Amino acid sequence: MSIIIITAMQEEYDAIQSVLEWDEESGDHSFNGQRVIICKSGIGKVNAAQHLADAVIKEKMISTVDLVINTGVAGNLSRDQNIGDIVLGTECFHHDVDATGFGYEKFQVPGMPASYKADPGLVRRTLELSEGMNVRVYAGPIATGDQFIHSHIGKERINLNKPDARCVEMESAAFAQVCYNFKIKFLAIRSISDDADGKAPTNFNEFLKEASLNAAELVKRLVIDIISPQLKKEGA
Ligand code: SAH
């Protein structure tokens with residue numbers, strides 16, 4: 001049984017490594033048969049898909065992959081959230097896809113679902129595990145596209161078609177699509193680094209580290225929750 005934790009950027013990777021306090025040199029950990037792999041894809045949908053598919057194929061030679069978790073930062077699309085808050089992706093969709101000319105739903109890749117849904121039980125459990133954290137945690141749709149959104153027009157274009165989208169970033173729907181194809185559960189856990197407005201490039205740089213650590217903290221809680229039966233067995 002394996003869990004793959006994937007990040008886009010080095011800063012996000014460093015955050016999960018430091019929060020987990022496992023062997024810093026290695027992205028590969030084993031707890032009585034439960035493996036946890038930490039890897040980095042690079043930015044954008046193609047890098048996301050390529051690196052996750054590579055990681056899954058490699059891991060499948062050793063073990064079954066049960067879950068992929070993405071941890072990282074995102075731009076805010078919702079008025080009730082602030083920088084540092086966390087969004088759990090109940091579904092991820094490609095905000096830069098449009099095949100409506102053929103009757104597909106907005107954002108739907110032909111032949112694929114309109115969005116990639118997370119397991120509701122996993123979302124519920126992660127919300128429970130977030131209790132006591134000093135940031136707010138929301139669950140809702142995550143928009144993905146090969147664009148860094150830094151204007152109200154960019155935000156409105158997404159929210160017009162998907163008013164409940166909570167945040168925007170550049171990888172989750174690609175990770176989710178790869179997981180859909182491999183029939184693996186997927187959950188994106190993103191913390192808000194910026195408001196996807198004119199100040200986004202500055203705010204992103206300022207809050208990247210802090211937001212990465214917030215998301216990583218919740219990923220840690222989830223991973224420990226999943227592997228703790230294994231840890232108990234190990235100790236026994
Ligand atoms: N400064 C970086 C580029 C960062 S791109 C460089 O020069 O290398 C932004 C990254 O953070 C992406 O991985 C994306 O998933 C996420 N992100 C955060 N805020 C975003 C926003 N407003 N729009 C899109 N992606 C955002």
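The legends below describe close-up views of a predicted model. Residues are numbered from 1 along each chain as its sequence is written, and side-chain values use heavy atoms, with hydrogens and water left out. Because the model is predicted, local features need pLDDT of at least 70 and side-chain atom pairs count only at pLDDT 80 or more, while totals for chains, interfaces and linings use all residues.

**View 1. The shell of residues around the ligand.** The ligand is surrounded by 18 residues, where a residue is near if one of its heavy atoms lies within 4 Å. The closest are Ile-149, Glu-169, Met-170, Glu-171 and Asp-194. Strands β4 (65–76), β8 (167–169) and β9 (185–194) each supply at least two residues of this shell. Helices (H or I, at least four residues) and strands (E, at least two) are DSSP runs, numbered from the N terminus. By class, the shell has 11 nonpolar, 3 polar and 4 charged residues. Here Ala, Val, Leu, Ile, Met, Phe, Trp, Tyr, Cys and Pro count as nonpolar, Asp, Glu, Lys and Arg as charged, and the others, Gly among them, as polar.

View 2. A nitrogen atom of the ligand lies 2.9 Å from a polar backbone atom of Ile-149. A backbone N or O atom of Gly-75 is 3.3 Å from a nitrogen atom of the ligand. At Met-170, a polar backbone atom is 2.9 Å from an oxygen atom of the ligand. The ligand on its own has 570 Å² of accessible area, and the protein covers 76% of that; such areas come from the Shrake-Rupley method with a 1.4 Å probe.

**View 3. The salt bridge between Glu-171 and Arg-190.** Glu-171, one of the residues closest to the ligand, forms a salt bridge with Arg-190, the closest N and O atoms being 3.0 Å apart. Glu-171 lies in the loop between β8 and α5 (172–182) and Arg-190 in strand β9, so the pair ties together parts 19 residues apart in sequence. A salt bridge is a side-chain nitrogen of Lys or Arg within 4 Å of a carboxyl oxygen of Asp or Glu. Glu-171 is buried, at 4% relative accessible area, and Arg-190 is buried at 1%. Buried means under 20% relative accessible area, exposed over 50%, and partly exposed in between (1.4 Å probe, protein chains only).

**View 4. The salt bridge between Arg-166 and Asp-80.** The closest N and O atoms of this pair are 3.1 Å apart. Arg-166 is in the loop between α4 (152–161) and β8, and Asp-80 is in the loop between β4 and β5 (86–94), 86 residues apart. Arg-166 is buried, with a relative accessible area of 14%, whereas Asp-80 is partly exposed at 36%.

**View 5. The buried side of helix α3 (residues 120–129).** Leu-122, Val-123, Thr-126 and Leu-129 are the buried residues of α3. They cover an arc of only 125° around the axis, which puts them on the same side of the helix; the arc is that of the directions from the helix axis to the C-beta atoms. The face turned away from this side carries the exposed residues Pro-120 and Arg-124.

**View 6. Positive phi at Phe-107.** Most residues other than glycine have a negative phi. Phe-107 has a phi near 75°. Phe-107 is found in the loop between β5 and β6 (116–117) and is buried, with a relative accessible area of 3%.

Notes
Polar contact = N/O pair within 3.5 Å; in protein donor to acceptor, adjacent residues only side chain to side chain.
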